[in-house]
Amino acid sequence: MSGNRAFRVAATSARVVTGVAVAAACVIGVVAAVHAPWPTVAHEPAQEQVTPLPGDSVLVCNGDFRALGRDSSAPLDMTAAAAPTLTTGGTSGDPASSGVATPDLADGDEVAVLTGAVEGRTAPLIAGAESFTLAADDLAGFAATPCTVPRLESWLVGGAVGTGTEDIVILTNAAEVPSTVTLTVYGETRGGRTVIIPARTQTALPLTSIAAGNEAPVVKVSAVGAPVRAVLQSSLVRVLDPAGIDLQEAVAGAQQNVVITGVQTFTSDGDEADMTVLRLLAPGADAMAKVTVHSEGSSPTTDEFSVPLDPDVPAQVALSGLEPGRYTVEIEAEAPVVAAVRQQDGFGRDTDFAWVTPAAQLDDQAAVAVPAGPAPRLQLANTGDEDATVTVEPIDGGQPQEVSVPAGQTRGIDVTARTTYLLRTTGPVHAAVTLTAAGALGVLPVPPSPGVEKSITVYP
């Protein structure tokens with residue numbers, strides 16, 4: 001019995017020792033596994049670069065310049081003050097033109113809608129621009145605007161409702177269905193209005209009807225049902241003298257990096273603090289905006305400063321102290337902003353003003369129509385880190401010009417009125433057409449051309 005008991009104790013001890021050893025080995029193995037690289041199973045998702053088939057290229061113009069209040073018995077009625085001079089062109093010839101009705105405009109003509117039809121698998125590049133020269137007792141000056149793509153959201157930055165100003169919000173729906181448009185006013189007081197624009201119709205309303213009491217209003221235009229083309233028409237009277245007209249292109253949307261090229265400054269006998277003014281708005285956010293001003297040519301930065309922005313409150317900064325010349329204004333903000341620059345060449349009769357809105361980045365090629373007007377010039381800004389070369393070629397034939405635009409600099413060349421050009425660039429640039437004479441100012445930012453389809457990444 002004692003021998004069997006001794007054997008059982010020895011066997012049990014052996015099993016205990018073996019178990020402890022196995023447990024220790026497991027612990028060591030787990031600890032080592034934690035620090036050792038685990039095997040991974042990974043794969044890159046299938047993807048394909050696809051360029052969508054293009055649709056027809058469509059641009060919506062603005063139509064007649066409107067006069068408000070010429071009939072004292074009906075001060076809110078609008079009449080046609082002048083018909084536009086329209087310049088069009090495209091890589092496949094002049095685009096086709098159709099009309100949009102203007103039922104609220106007495107004696108008004110239809111608004112032109114330009115279409116470049118797809119040929120095969122390619123949409124032509126098209127462009128259009130309108131211009132006006134007025135010399136009436138209540139409206140005088142020069143105004144010009146490009147024909148552009150309608151949008152579901154856009155911003156009108158340069159409105160005014162003070163004494164002597166007469167601003168009109170113009171909304172064009174070129175679609176076959178109605179559009180419900182909400183106008184939201186940002187300023188010292190908030191306001192807004194919703195309007196329904198029938199299919200193939202243009203509607204306009206005085207800015208004072210939605211933005212009264214705001215010194216520097218900014219209007220957000222939001223459309224549901226169909227995109228609309230938004231333009232702000234402005235005119236100014238000082239005492240009893242007409243002092244300029246303007247057509248301001250809507251800003252596509254808020255961005256953290258904004259480039260405004262085509263800015264000009266002038267000498268004046270008046271208060272130069274009001275000659276060139278930058279307006280900024282940060283929708284829904286606090287932001288610090290860094291503003292850098294570059295002059296045309298090889299000179300370095302002319303001015304640099306920061307502007308603190310409260311959410312939803314427009315701010316204005318005078319760009320005083322700049323020598324007469326041509327400039328690019330670059331804005332880098334902590335949050336998306338909308339911005340525009342107001343420039344004027346004097347005060348009172350025989351003067352004019354123009355709002356300069358941001359110019360989109362052009363990466364490849366674009367068509368630009370230079371409207372009828374004085375001394376047209378194409379200004380090109382390169383805010384990137386590498387030099388760019390831009391080829392400027394008349395679409396209808398003519399000698400192309402090459403412009404070298406070094407990194408961080410602005411260049412300009414003279415162009416011909418009533419001519420459509422094709423721009424080809426080797427690097428990202430921003431462009432605007434300026435038209436300038438005594439008492440006549442106009443600036444048209446060059447938008448990317450419709451019909452240029454970029455490739456997209458598709459994940460099956």
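I started at Gln-233, which lies in strand E17, residues 229–238. I note that the model is predicted. Buried or exposed, I asked of Gln-233? Gln-233 is buried, because its relative accessible area is 1% and the cut-off for buried is under 20%.

Next I looked up the side chain of Gln-233. It reaches the backbone oxygen of Arg-66 at 2.5 Å. I then listed what Gln-233 touches, leaving out residues up to four places away in sequence. Among them are Asp-64, Phe-65 and Arg-66, then Glu-166, Asp-167 and Ile-168, and also Asp-246 and Leu-247.

Phe-65 took me to the rings. How many aromatic pairs does the structure hold? I found two. Phe-65 and Phe-132 form an edge-to-face pair, with 5.6 Å centre to centre and 65 degrees between the planes. This pair links distant parts of the chain: Phe-65 sits in strand E3 (residues 65–68) and Phe-132 in strand E9 (residues 126–135), 67 residues apart. Phe-65 is buried at 0% relative accessible area. Phe-132 is buried too, at 3%.

I turned to Trp-155 and Tyr-186. Their ring centres are 5.4 Å apart and their planes stand at 40 degrees, so I logged the pair as tilted. Trp-155 belongs to strand E11 (residues 153–156) and Tyr-186 to strand E13 (residues 179–186), so the pair ties together parts 31 residues apart in sequence. Trp-155 is buried, with a relative accessible area of 2%. Tyr-186 is buried at 8%.

Last, I checked for charges over rings. Arg-190 lies over the face of Tyr-186, 4.2 Å from the ring centre. Arg-342 lies over the face of Phe-353, at 4.5 Å from the ring centre.

Definitions and conventions:
Residues numbered from 1 in each chain as written. Predicted model: local features only at pLDDT ≥ 70, side-chain atom pairs only at ≥ 80, totals over all residues. Heavy atoms only, no water. Helix = DSSP H or I, 4+ residues; strand = E, 2+ residues; numbered from the N terminus. Buried < 20%, exposed > 50% of the residue type's maximum accessible area, 1.4 Å probe, protein only. Polar contact = N/O pair within 3.5 Å; in protein donor to acceptor, adjacent residues only side chain to side chain. Contact = heavy atoms within 4.5 Å. Phe/Tyr/Trp six-rings, centres within 6.5 Å; stacked < 30°, edge-to-face > 60°. Lys NZ or Arg CZ within 6 Å of the ring centre and 35° of its normal.
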